[in-house]
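Please consider the structure shown below.

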Amino acid sequence: MRKIFNATVLLLIVLCSVVAAQNNNPDEIIKNLKSEFARVKDYQVNVKIKVDASMLKMPEMNAEFYFKQPDKTHITSSSFAMIPKQGVNFSPVSFLKGEYKAVFARNENVDGRNLAVIKVIPLNESSDVLLTTIWVDQKKNVVRKLESTAKGSGTFNVDFSYDENMEYPLPSKIIFSFNLDKKGLPKDSNKESKRRRHNFVSGIKGKVILTYTNYKVNIDLPDALFEKKKDELKK
């Protein structure tokens, strides 16, 4: 009986080790992430935008956001402004384009969930992104947190919330945190103009909170919806 017990324990240890090794494979984790999001062919959703930032007062805004695979987006709003593209376009492929190296960093408990922390390093030297860290919920195959460092614009953070009864991997809320202290300024021969702009953006820290309601998923949105009009291209 003791031999059978010891053999069983040994088998469980081996199986647990194999499972752990699989779960710690960054390429497999990202593959599962992409596969889950691939179930979403397109969607339409209402978005409420709230900007909470120092030195910047803006009213709440409302918009309709449209998405179609692989990366087509469209926004409709009479007052839509200052929306971080990185926060709205949360498709896994939006930060996994081109060649990259994925490294498993650790497992981390966040709000009672065991998340896999993956470091994604672009291999293209021309990429604006230096490093992206994602916290992946492997039970749901969704990103719960994201931190990205870009050239000349510092680091931004994104937190994702989901409906626990979600049918598709689409968030109910995104909180995009920004810090414009390190944001690069466009080149300008007018030093006084550049100094004024620097004084304006320096010290602006805050959050953009996006709340999503009334999802309509896989409704076969037409490609024409995402085509820019000629007058828009001239602007």
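Which residue in S10 is the bridge partner of Gln44? The partner of Gln44 is Lys216. The structure is a predicted model, in which local features need pLDDT of at least 70 and side-chain atom pairs count only at pLDDT 80 or more, while totals for chains, interfaces and linings use all residues. Residues are numbered from 1 along each chain as its sequence is written, and side-chain values use heavy atoms, with hydrogens and water left out.

Strands (E, at least two residues) and helices (H or I, at least four) are DSSP runs numbered from the N terminus, and two strands pair if DSSP finds at least two bridges between them. S10 also pairs with strand S9 (residues 173-179), again in the antiparallel sense, over seven bridges. Within S10, Ile209 is the bridge partner of Ile175, and Gly206 is that of Phe178.

These pairings belong to an open sheet of ten strands with antiparallel pairing, in the order S3-S2-S1-S10-S9-S8-S7-S6-S5-S4. Its edge strands, S3 (72-76) and S4 (100-110), each pair on one side only. On average, neighbouring strands are turned by 20° against each other, direction ignored. Axes here are lines fitted to C-alpha atoms, for helices over the stretch in contact, and angles run from 0 to 180 degrees between N-to-C directions. Helix H2 (residues 26-37) lies across S2, S4, S5, S6 and S7, and runs at about 85° to S4.

Beyond its neighbours within four places in sequence, Leu146 is in contact (heavy atoms within 4.5 Å) with residues including Phe95, Ile134, Trp135 and Phe156.

Six salt bridges are found in the whole structure, each a side-chain nitrogen of Lys or Arg within 4 Å of a carboxyl oxygen of Asp or Glu. One of them joins Lys72 and Asp223 (3.2 Å, N to O). Lys72 lies in S3 and Asp223 in the loop between S10 and helix H5 (230-233), so this pair ties together parts that are 151 residues apart in sequence. Lys68, Lys72 and Asp223 are linked in a network of salt bridges. Arg144 and Asp137 form another salt bridge, with their closest N and O atoms 2.9 Å apart. Buried means under 20% relative accessible area, exposed over 50%, and partly exposed in between (1.4 Å probe, protein chains only). Arg144 is buried at 7%, and Asp137 is buried at 6%, whereas Lys72 is partly exposed at 31%.
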